[in-house]
Amino acid sequence: MKKSLQDFEDKHGQTRVGQLEKALEYAVGNRERLVVDIPSEANTITFGLYGDNQYGNVHEATEQYLAYCERLKAEGITVKLNCGDIFDGHRVYAGQEFELHSLGWNAQRNHFINTEPVIDGMTTYFITGNHDASLKKLAGVDVGQEIAALRPDWQYIGADYGDITLRTENGRQYRIRLIHPDGGTAYAISYKAQQYANSLDGGTKPHMIGMGHFHKADHLPCYRNMDIIQAGCFEWQTPFMSRKGSAAHVGGWIVRVTVGDEKSMSNSIRAEFMAFYKR
């Protein structure tokens, strides 16, 4: 059954002003201090990591994304992390409007409302990307704040990047940086991720980097003492990507981390990519 914006506002019993205030709390000055308690067993936490839904594009992989969400639900996962580009936006590149089935903010917003599943007990922590930012540049729409206002189960942690710390039941902490960088895919899939990791100062590095934008799936388990995962995407290869010779790695990750203590100074990481292919 399709849901309207009014349905969401009535269901959660919040005024729009109150929702926007909550969104602003995450959008302004909260990049470093967001700590989320997460269910854990023997200090092992499990979460979803994905990105680039590109809602509104005719090539979006909606059926595959919903299957991924069902997998997360079946495994009892309560946290999923989105690395940006929730929407396809508008006029990001020449001719993009001809790839859209939902043109403009209102249409893409309504498509998100009608498509994005509501899963009891699951919260999505997200950043926005360059396609989302196009709506702000052209029409003044801050997509991050709007999504957080529409959906209390979606928490905005920053534009382009944001940090979140997942805390086990025993108090051990695991900090993750979500990043949606710029530019095109490099000659080697891991190059841009390595380049970003090299830019971080010692002492400021997170335990893990989750990277969107490039529509690639890749895992570097120990680069500069960080775990780096490129999030994949939920959009099939577009004509734009085909012209650029860039493949789309459609799917999302299920990540399990056993968080070490200060004495052991180690983390055990298992990352499973749920991949989808066209027939």
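In which strand is the place of Asn 82? Asn 82 lies in strand β3; strands (E, at least two residues) and helices (H or I, at least four) are DSSP runs, numbered from the N terminus. This is a predicted model, where local features need pLDDT of at least 70, side-chain atom pairs count only at pLDDT 80 or more, and totals for chains, interfaces and linings use all residues. Residues are numbered from 1 along each chain as its sequence is written, and side-chain values use heavy atoms, leaving out hydrogens and water.

Is Asn 82 buried or exposed? Asn 82 counts as buried because its relative accessibility is 0%; buried means under 20% relative accessible area, with a 1.4 Å probe and protein chains only.

Among the residues that Asn 82 touches, beyond four places away in sequence, are Tyr 50, Thr 124, Trp 154 and Leu 178; touching means heavy atoms within 4.5 Å. Tyr 50 is 32 residues away along the chain, yet the two C-alpha atoms are separated by 5.2 Å. The side chains of Asn 82 and Tyr 50 also make a polar contact of 3.2 Å, that is, N or O atoms within 3.5 Å, one able to donate a hydrogen and the other to accept it.

Now the strands. β2 (residues 44-50) and β3 (residues 79-82) run parallel, joined by three bridges; pairing takes at least two by DSSP. Leu 49 sits opposite Leu 81 of β3.

The whole sheet is open and mixed, with six strands ordered β5-β4-β3-β2-β11-β12. β5 (154-159) and β12 (267-275) are at the edges with a single partner strand each, so one side of each has no neighbour in the sheet.

Methods. Buried means under 20% relative accessible area, exposed over 50%, partly exposed in between (1.4 Å probe, protein chains only).
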